[in-house]
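Subject: Structure handover and notes

Hello,

Here is the structure I said I would pass on. My notes on it follow below.

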Amino acid sequence: MDAQLKIWSAEDASCVVTFKGHKGGILDTAIVDRGRNVLSCSRDGTARLWDCGKSACLGVIADCGCPVNGIAAGAADDSLNLGTPEHPPSEREIGTEGKILLLAREDKKLQGVGLQSRQPVFLFVGSDAFNCCTFLSSTCILAGTQDGNIYQLDVRNTRSGAPVLSLLPYRDGFIASQGDGTCFILQQDLDYVLDLTEADCDPVYKGWDEMILKVLPDPSRPTIRSYRRLALLYHPLKCKEQWGPSRFRQLAEAYDVLSDPMKKGIYDKFGEEGLKGGIPLELASDNPWSVGYVFHNNPERTFKEFFGGDNPFAEFFAEDGSEVLLPFGGPRGRGALRQDPPIVRDLYVSLEDLFHGCTKKIKISRRVMNEDGQTSTIRDKILTIDVQPGWKRGTRITFEKEGDQGPNVIPADIIFVVQEKLHSRFKRVDNNLIYVASIPLGKALTGCTLDVWTLDGRLLNIPINDIVDPKYCKVVPGEGMPLPQDPEQKGDLLIYFNICFPKSLSPELKTLLKNALVPEEH
């Protein structure tokens, strides 16, 4: 099988480009950014990125050690961590940022790799050799195997192929136990996976998590209803067991976590250790770790805030200590409405999307009150954000009252704050774009022409006729970011220079340079 990759002209059937580098037959190809770069995979086990303009290999994206039968490239969901490149990508590498490369491998594995970072993202084990793969969306993929199976996977949560031994309904998903000893929680909509045990372990679920299970054992017993029942059951005035105060405190802590969408999200994805120890924050500058959760250690405070009133116990217990069932909020709590503090989340957007504008769809899960006014259900909702050209970091988008609903509570506002993703070529400063070009000393002195690919895919040929010193800046008007108030107007492109000096010079060259540059002393 030929180990060459050729591109043919559809107009005259001539071969335009020939790529050489694979050591085995090429099995599949994929196009990146409208054909400026292309991808290929081979029997030699590698996937390579090619520059169509210069007929050159830009790098080996992955070396799997076995034939790669199929590849696909697509935009990755913002929640995926694609890794950081070990070296800055080439200026000729176009359209790889924020994309993931799928590799359908002969060794029964489907692998995801950050296209720009070359870092592994996930590895899924199937039933037989994978022959092909494709994207359905930024999160959902399809892959086919030699034995005829078709896998539909969510790239945010891919599991190993160990046999599933048991399933237990839990919340809006289930707890699964696999034959390799792995036990995990998986939501039906694949929003998160929470690992309980690792391979080669006996499945366990104990300690603090037992109280979480008791608060939310299944969808028919939502958080509010479960807390109300259990708080009355385990309150020290009702429960005289020695362990009663400890259980009441655990219950308050569990409710404090599960009733807060941010705390609940951290716990679901990172467990109790991540919740209390802190988690890494993407692209954080000053403090790379979040502050760990600390329970206020006052279960009576949680009880009081939930039921309302200065003395919530009086309305719920008769003189003999028996429970009195009242509507949510109690007689003193009714009507005392308060709005939860706003929920603030970062929205990471690439410079390309901030240049052109785009639409972001974000799924949230929130608690919604049922018709009886006393119970609630967790429901999903899609929030749509129309990102406008020129939006800057710090732009805030507010969805009013889209937070959790509850008794005596006005739902919180959900606020998304725009953050800019790091870019491989440009840095944004206000409405301008900064580009750093590396040129040799000779061109800095004699002039040159720079080729710069813009965010909208144009190639600028910029003449540099001035002598370039370390502080020199070339300003290209109108090639920056769109102005938010008038997207037709744009900022400037500011080009700074990294001047590369030669490491050595021959005596002849030194003499020539001295005669040309060093004035004679009189």
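In which loop does Asp-430 lie? Asp-430 sits in the loop that runs between strand E25 (426–429) and strand E26 (432–440). Its phi is positive, about 60°, although Asp-430 is not a glycine. With a relative accessible area of 48%, Asp-430 is partly exposed. Please keep in mind throughout that this is a predicted model.

A second residue with positive phi is Arg-118, which is not a glycine either; its phi is near 65°. Arg-118 belongs to the loop between strand E9 (109–114) and strand E10 (120–125). Arg-118 counts as partly exposed, at 23% relative accessibility.

Overall make-up

The chain has 522 residues, of which 44% are buried. It contains 10 helices and 32 strands. Among contacts in the chain with a separation of 6 or more, 50% are between residues 24 or more positions apart.

Helix H3

Helix H3 covers residues 244–258, which is 15 residues. From first C-alpha to last it reaches 21 Å, close to the 21 Å expected at 1.5 Å a residue. The buried residues in H3 include Gly-244, Phe-248 and Leu-251. Also buried there is the run Ala-252, Glu-253, Ala-254, Tyr-255, Asp-256, Val-257 and Leu-258.

Nonpolar cores

In soluble globular proteins, nonpolar side chains tend to be buried together. Here the largest nonpolar core has 40 residues. The members that touch the most others are Ile-385, Phe-416, Leu-450, Ile-462, Leu-493, Ile-495 and Phe-497. Apart from that core lies another, of 18 residues, among them Leu-80, Phe-124, Tyr-151 and Val-155.

Phe-416 has a list of contacts beyond its neighbours within four places in sequence. These are Arg-345, Leu-347, Ile-362, Leu-383, Ile-385, Thr-395, Arg-396, Ile-397 and Phe-399. Of these, Ile-385 is also named among the core members that touch the most others.

Residues in strands and one more loop

Arg-379 is in strand E21 (residues 376–387). Its relative accessible area is 43%, so Arg-379 is partly exposed. Leaving aside neighbours within four places in sequence, Arg-379 is in contact with Ile-364, Ser-365, Arg-366, Val-368 and Asn-370. For the pair Arg-379 and Val-368, the separation is 11 residues in sequence and 6.7 Å from C-alpha to C-alpha.

Asp-451 is in strand E27 (residues 448–453). Asp-451 counts as partly exposed because its relative accessibility is 39%. Not counting residues up to four places away in sequence, Asp-451 touches Glu-91, Tyr-435, Leu-459, Leu-460 and Asn-461. Asn-461 is 10 residues from Asp-451 in sequence, and their C-alpha atoms are 4.9 Å apart.

Pro-411 is in the loop between strand E23 (409–410) and strand E24 (414–420). Pro-411 is at 15% relative accessibility and therefore counts as buried, the cut-off being under 20%. Leaving aside neighbours within four places in sequence, Pro-411 is in contact with Gln-339, Lys-401, Gly-403, Asp-404 and Gln-405. Pro-411 and Lys-401 are 10 residues apart along the chain, with 4.6 Å between their C-alpha atoms.

Cysteines

How many disulfides does the structure hold? The count is zero. Cys-133 is in no disulfide, and the nearest cysteine sulfur, that of Cys-132, is 7.0 Å away. Cys-133 is buried, with a relative accessible area of 12%, whereas Cys-57 is partly exposed at 33% relative accessibility.

Cavity

Searching the whole structure gives one cavity of 30 Å³ or more. The largest cavity holds about 70 Å³ of space. It is lined by 13 residues, and those closest to its centre are Phe-355, Leu-433, Thr-454, Leu-455 and Glu-479.

Regards

Methods:
Residues are numbered from 1 along each chain as its sequence is written. This is a predicted model: local features need pLDDT of at least 70, side-chain atom pairs count only at pLDDT 80 or more; totals for chains, interfaces and linings use all residues. Side-chain values use heavy atoms; hydrogens and water are left out. Helices (H or I, at least four residues) and strands (E, at least two) are DSSP runs, numbered from the N terminus. The expected span of a helix is 1.5 Å times one less than its number of residues. Buried means under 20% relative accessible area, exposed over 50%, partly exposed in between (1.4 Å probe, protein chains only). A nonpolar core is a set of buried Ala, Val, Leu, Ile, Met, Phe, Trp, Tyr and Cys residues joined through side-chain atoms within 4.5 Å. Contact means heavy atoms within 4.5 Å. A disulfide is a pair of cysteine sulfur atoms within 2.5 Å. On a 1 Å grid over the protein atoms alone, a cavity is a set of points where a 1.4 Å probe fits but cannot get out, and a pocket is an open set with protein on both sides within 12 Å along at least five of seven lines; lining residues have an atom within 4 Å of a point. Grid points are joined across faces, edges and corners, and a volume is the space filled by probe spheres set on the points.
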